Each structure stands twice: as structure tokens, then as C-alpha cells.
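Thanks for making time this morning.

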Amino acid sequence: MKYSLLTVAAFTLVIFACNKDKFTTIPQVEIKSISPSTVNSGNVITMKGKFTDQEGDLDSILIVYKWYNGTAVVRKDTFRYDTENLKLPVKTRQADLEIQFEYNTNNSQSLVILPGVSKDTTATLGLILKDKEKNRSDYKESEQIRLKKP
């Protein structure tokens, strides 16, 4: 009896462990890093992450940026980032992401421009993935970075 309970428990654990690695219809996203941690005007911010999507029909990325004054959000905005910018093959079910932002300048036509701040500010960048069937991932947010006043 004791061994059969252990066998059932071990089998259940294996099933749950295997299921967590499977792809889902709802896109999954993870932010791995954001750099640099202190950003001056004209710097390029690089956010790295990864995603999975069972059908490989990723359509767009919603980027959320938040500026903070202490713990209070003082500015928040969301904009759409087209997945064509990632140059992924059609039906990609899993890939690493690298999205670059330019802070307070417009030196590059290919980078997302983040507005400047009126005083040194803490900020975060977040992602929501959306597929062609309008399934949305959970919101994932980066570590905090420091934006320096231009």
C-alpha cells in the first residue's frame, strides 16, 4: 500500500512537470533581461525575452511603459509593436525576443522611441503577446531601470 501511494504520487508529479513545458493556445511570454539599468538620452534600451505559442500565429506585441514617482505610476502608455519587426519565420511556435528602444531621440527609424522625462525617473517596460485568434498572454514586466533627465 505504501509503495502504491508513492508510485501514484511520483506519476502525478511527472505528469504535472511534463505539462508545464507544453505549448498552449494562449501565448506565453517571459522577460529575461533589460539593459542598461541607467539610461541617458540617446541610449538604446534592449529588452530580451522568449515566447511560446502552440499554433505559431503570433500577431502583435503590446508594449506597456510605466514611469514612476516612488511607487506611484505617473505615466503609463501602451503601443502595438508589429511582429514583422522580429523577422520570425511563419508559424514560429517558440523563439527568443529582442526588442530595442531608443530613449528620447529619433536617430533610428527602426527602433521604438521612448519619450524623455522631466526629472530622473524609475521605469519598467512590459509585454503582452496577442495571436491571430485574439488570445492574449499574461502581462510580464521588466526589472526597473532608471531614466535620466535629458
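Before I name any pairs, let me say that two strands count as paired if DSSP finds at least two bridges between them, and that helices (H or I, at least four residues) and strands (E, at least two) are DSSP runs, numbered from the N terminus. What you see is a predicted model, in which local features need pLDDT of at least 70 and side-chain atom pairs count only at pLDDT 80 or more, while totals for chains, interfaces and linings use all residues. Residues are numbered from 1 along each chain as its sequence is written, and side-chain values use heavy atoms, with hydrogens and water left out.

Let me start with strand β4. Leu62 stands opposite Ile128 in β8, and this is part of an antiparallel pairing in which 10 bridges join β4 to β8, residues 121–131. β4 is also joined by 10 bridges to β5, residues 72–82, again running antiparallel, and there the bridge partner of Lys66 is Lys76. β4 and β5 form a hairpin with two residues between them, and Gly70 in the turn has a positive phi of about 70°. Of the 12 residues of β4 (58–69), 10 are buried, so this strand is largely enclosed by the rest of the structure; buried here means under 20% relative accessible area, exposed over 50% and partly exposed in between, with a 1.4 Å probe and protein chains only.

Of its 150 residues, 35% count as buried.

There is also an open sheet of four strands, in the order β1-β3-β6-β7 and with mixed pairing. β1 (28–35) and β7 (112–114) stand at its edges, each with a single partner strand, so one side of each is left without a neighbour in the sheet. Within this sheet, nine bridges join β3 (residues 44–52) to β6 (residues 94–103) in antiparallel fashion, with Gln100 in β6 as the bridge partner of Thr46.

Is Thr122 buried or exposed? Thr122 is buried, with a relative accessible area of 17%. A polar contact of 2.9 Å joins its side chain to that of Arg146, a polar contact being a pair of N or O atoms within 3.5 Å where, within protein, one must be able to donate a hydrogen and the other to accept it, and residues adjacent in sequence count only if both atoms are side-chain atoms.
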